[in-house]
Amino acid sequence: MISFFILAVTRRSSAPEEAVLLKRIAQRDEKAFERLYDLYAKLTYSLILSVVKKQGDAEDVLQEVFLQVWEKASTFDVSKGNAYAWLITLARNRAIDKIRSKDFRKQSRETVADEPELSSPGSEGNPLDSLVVDERAQIVKQALRQIPVEQREVLEIAYFGGYSQSEIASKFNLPLGTVKTRMRQGMKKLYSLLKERL
Amino acid sequence: MAIDNERFEEQCAAYVLNALEGEEFREFKKALAEADPDVKRIYEEMQWTALHLPLRIDLATPPPEAKQKILGLIRRRGVSIQETLFAKLATTLGFRRPQFALGFSIAFVVLLGGLMYYTFFLREMIYQRDQQITVLRSELSSQQKRFAELREDLARKEEILKVLQSPKIDVVIMNGLEISPTGYGKIIWDPDRKAAILQISNLPPVPKDKDYQLWVIKGQKPVSAGVFSLTDPVKETFFKIDQLVEPNKKAISAFAVTLEPKGGVPQPTGKMYLLGKPS
């Protein structure tokens, strides 16, 4: 289904426009904030919902994420990454924080920061650029189906479930080394598949 | 210590999925910071791959009221930021309520404004006082000068009075000559005390580079008896003569006043204004 979001992002110009939006948001421009919300609300909400599972919790996290965008837009550095990566990282980390706090899966893990540490600046790291979004989404889904299921499971439970390698090993009753290997091989395979199609 | 590529890839895959923990997390961060471009490319590729994972989700639409709620919150955020600032100020100042901090702030601003006005007022007052002191100093200097003149005048008059009080004085009248026919002069002379007073009137004022010079003529020889300037020719003016030391009246054939270069000369060179002979 081609949703409003997809139509919106296919019409959108590119990362530079988002950088301008974030700059205007930093200057307390509500119109720019609405525009960014319209562009990203569905994707971020969907990502959050896929992690927290409950609609009410997803709405709470969505609110936190966009309030953080409003407050921290001035800290966004276009030379270090694109708005897509920034928003996705914010949304995913907030969602994982939510389930960890709810599930009482207390861990002393160190986590990555809210801001992504991108070393590929500009639009190259933005999956929403270059191709029509639904086409790109289909490629991602297809690529994931092509990698071995045990590797895919490890990637998805880590990314969408917020599990660490040792937690995955415990959950699936696997040796830690096996989890590490599956995760590495899965990521490499997925990269190869995406790279040749995108 | 550097880690091998396979280990780096394992840790990198977990890192971009946020699944790395503990010592391995720190080890990877260090390795990434020190990595060469080829190794960093592995990280970039893995991160690029991870950023595509959200696209596998079937999109869901947030409820419309979520947007309105967020917009409402950011509009109120401006107000709450101000409230937070006052709350912080209140905490810093030890107030329990932010309103007290606001009141304190207003009072502080008013006090500051008052102090600034008072400072300006004081500076203005000091400036005016400085001006008055300058004027008063000038007046004092003028009065001191006047006082010195009066004291000098008094001393001269006392000296004249001493001469006039002497029981034995001689008076020699000097009359104006052709250049100053209305001029008049008088020598009041106490030979015993070797003191004398010159009184003159109606002589023309002295140019800046000139002085009048009094001469005592013994026989045919003029001897200087002193120089004087005439500042107010209308008034009769008295001058004390310090150099008239001749006790013998008969030895003096005449007194004369000439106009000479400033400070006087050994022998007369200028025109004669007054001349008188002892009787």
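# Briefing: Chains A and B and Their Interface

The side chains of A:Glu156 and B:Arg56 meet in a salt bridge, with 2.8 Å from N to O; a salt bridge is a side-chain nitrogen of Lys or Arg within 4 Å of a carboxyl oxygen of Asp or Glu. This is a predicted model, in which local features need pLDDT of at least 70, side-chain atom pairs count only at pLDDT 80 or more, and totals for chains, interfaces and linings use all residues. Residues are numbered from 1 along each chain as its sequence is written, chains are lettered from A in the order in which they are written, and side-chain values use heavy atoms, with hydrogens and water left out.

**The interface**

- The rule finds nine salt bridges across the interface of chain A and chain B.
- It also finds 18 residue pairs in polar contact there, both residues at pLDDT 80 or more; a polar contact is a pair of N or O atoms within 3.5 Å, and within protein one must be able to donate a hydrogen and the other to accept it, while residues adjacent in sequence count only if both atoms are side-chain atoms.
- On the side of chain A that touches chain B, the largest share, 13 residues, comes from α3(A).
- By class, that side of chain A has 34 nonpolar, 13 polar and 19 charged residues. Ala, Val, Leu, Ile, Met, Phe, Trp, Tyr, Cys and Pro count as nonpolar, Asp, Glu, Lys and Arg as charged, and the others, Gly among them, as polar.
- Chain A gives 66 residues to the contact and chain B gives 48, where contact means heavy atoms within 4.5 Å.
- The area buried between the two chains is about 5700 Å², and carbon and sulfur atoms give 63% of it; buried area is the accessible area (1.4 Å probe) that two parts lose on being put together, summed over both.

**Chain A**

- Chain A has nine helices and zero strands; helices (H or I, at least four residues) and strands (E, at least two) are DSSP runs, numbered from the N terminus.
- Of the 198 residues in chain A, 54% are buried, that is, under 20% relative accessible area (1.4 Å probe, protein chains only).

**Chain B**

- Chain B has five helices and eight strands, and along the sequence the pattern is α-α-α-α-α-β-β-β-β-β-β-β-β.
- Of the 279 residues in chain B, 36% are buried.

Technical notes:
Buried < 20%, exposed > 50% of the residue type's maximum accessible area, 1.4 Å probe, protein only.
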